[in-house]
Amino acid sequence: GAPRNLPSSPPRRSPDRNPGQGYGAADGAPAFALKLDPRSPLAHMQRGMIDLTYRCQRVDADRELSLALRLDPSDMRILDYHSYYLLTVGRTEEAIAEKRKVLEHDPASVVTSGELGLYLLVAGRTDEAIRQLQSALELDPDDAVARSRLGCAYADSGQYGPAVEELRRAASRDRSPAILGRLGEVYARWGKT
């Protein structure tokens, strides 16, 4: 079946926020920066992410993030956020290609490695996702997010025993509702009500 863990938030480098909180301040910072320097790639990146995550304005997000990339094509943060935009709008193969470039820049990043695994899972490339997430866990066996995603990948491939094992290990490190919910969902899909 289709993966059930499409990311609902940008890559983990930014702090988690309630979408309704801090919107005014978040919107004001890049606007002010752009008044000072209309060619600031980071300000355009921030404005693009605000357009995507707060305003749900995909066209504006595309314009801002693409401009940021044109202004500084070597900034991996911009490329990373652009890859998230591409994934969000369903351009998964392009998103995967960009995320791979980000990982090539920092191959020791467990976060980026795990996010690439998620992108592959969203694209329906389950076997590749499993291998990528296993690679992420070689970098940090205690990363609960990567372990949870590996559990989801196993579940999507019908391997419910390993899926439960990975999700239990993830839950032992992070008892967040998201991970516990995924564990419950896998049990249900497995018929273990």
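Predicted model: local features only at pLDDT ≥ 70, side-chain atom pairs only at ≥ 80, totals over all residues.
Of the 193 residues in the protein chain, 44% are buried. The secondary structure of the protein chain comes to ten helices and zero strands, and the pattern along the sequence reads α-α-α-α-α-α-α-α-α-α.

**Two helix pairs**

Two packed helices are described by the angle between their axes and the distance between the axes. Here are two such pairs from this model.

| Helix pair | Angle between axes | Distance between axes | Crossing |
|---|---|---|---|
| α2 (residues 41-53) and α3 (residues 58-71) | about 160° | 8 Å | left-handed |
| α8 (residues 144-156) and α9 (residues 160-173) | roughly 160° | within 7 Å | left-handed |

Let us take α2 and α3 to begin with. Their axes lie 8 Å apart at an angle of about 160°, which makes α2 roughly antiparallel to α3. Which residues of α2 meet α3? On the α2 side they are P41, H44, M45, R47, G48, M49, D51 and L52. Their partners in α3 are R58, D60, A61, E64, L65, L67, A68 and L71. By residue type, this contact divides into nine nonpolar, two polar and five charged.

Now for α8 and α9, whose axes cross at roughly 160° and come within 7 Å. The two helices are therefore roughly antiparallel to each other. From α8, the contact draws on A144, R147, S148, L150, G151, Y154 and A155. From α9 come Y160, P162, A163, E166, L167, R169, A170 and R173. Sorted by type, the residues of the contact of α8 with α9 are nine nonpolar, two polar and four charged.

**An aromatic pair**

A pair of aromatic rings is described by the distance of the centres and the angle of the planes. How many aromatic pairs does the model hold? The count comes to one aromatic pair. Its members are Y160 and W190, with ring centres 6.2 Å apart and planes at 25°; planes under 30 degrees apart count as stacked, so this pair is stacked. Y160 lies in α9 and W190 in helix α10 (residues 177-190), so the pair ties together parts that are 30 residues apart in sequence. Y160 also belongs to the contact of α8 with α9. As for W190, its relative accessible area is 35%, so this residue is partly exposed.

**Two single residues**

In C56, however, phi is near 55°, a positive value in a residue other than glycine.

T92 sits in helix α5 (residues 92-105). With a relative accessible area of 16%, under the 20% cut-off, T92 counts as buried. Which residues is T92 in contact with, leaving aside its neighbours within four places in sequence? They are L86, L87, V122 and A123.

Terms used:
Residues numbered from 1 in each chain as written. Heavy atoms only, no water. Axes fitted to C-alpha atoms, helices over the stretch in contact; angles between N-to-C directions. Helix = DSSP H or I, 4+ residues; strand = E, 2+ residues; numbered from the N terminus. Parallel < 35°, antiparallel > 145°, perpendicular 65-115°, else oblique. Left-handed = near helix turned anticlockwise from the far one by under 90°. Contact = heavy atoms within 4.5 Å. Nonpolar A, V, L, I, M, F, W, Y, C, P; charged D, E, K, R; others polar. Buried < 20%, exposed > 50% of the residue type's maximum accessible area, 1.4 Å probe, protein only. Phe/Tyr/Trp six-rings, centres within 6.5 Å; stacked < 30°, edge-to-face > 60°.
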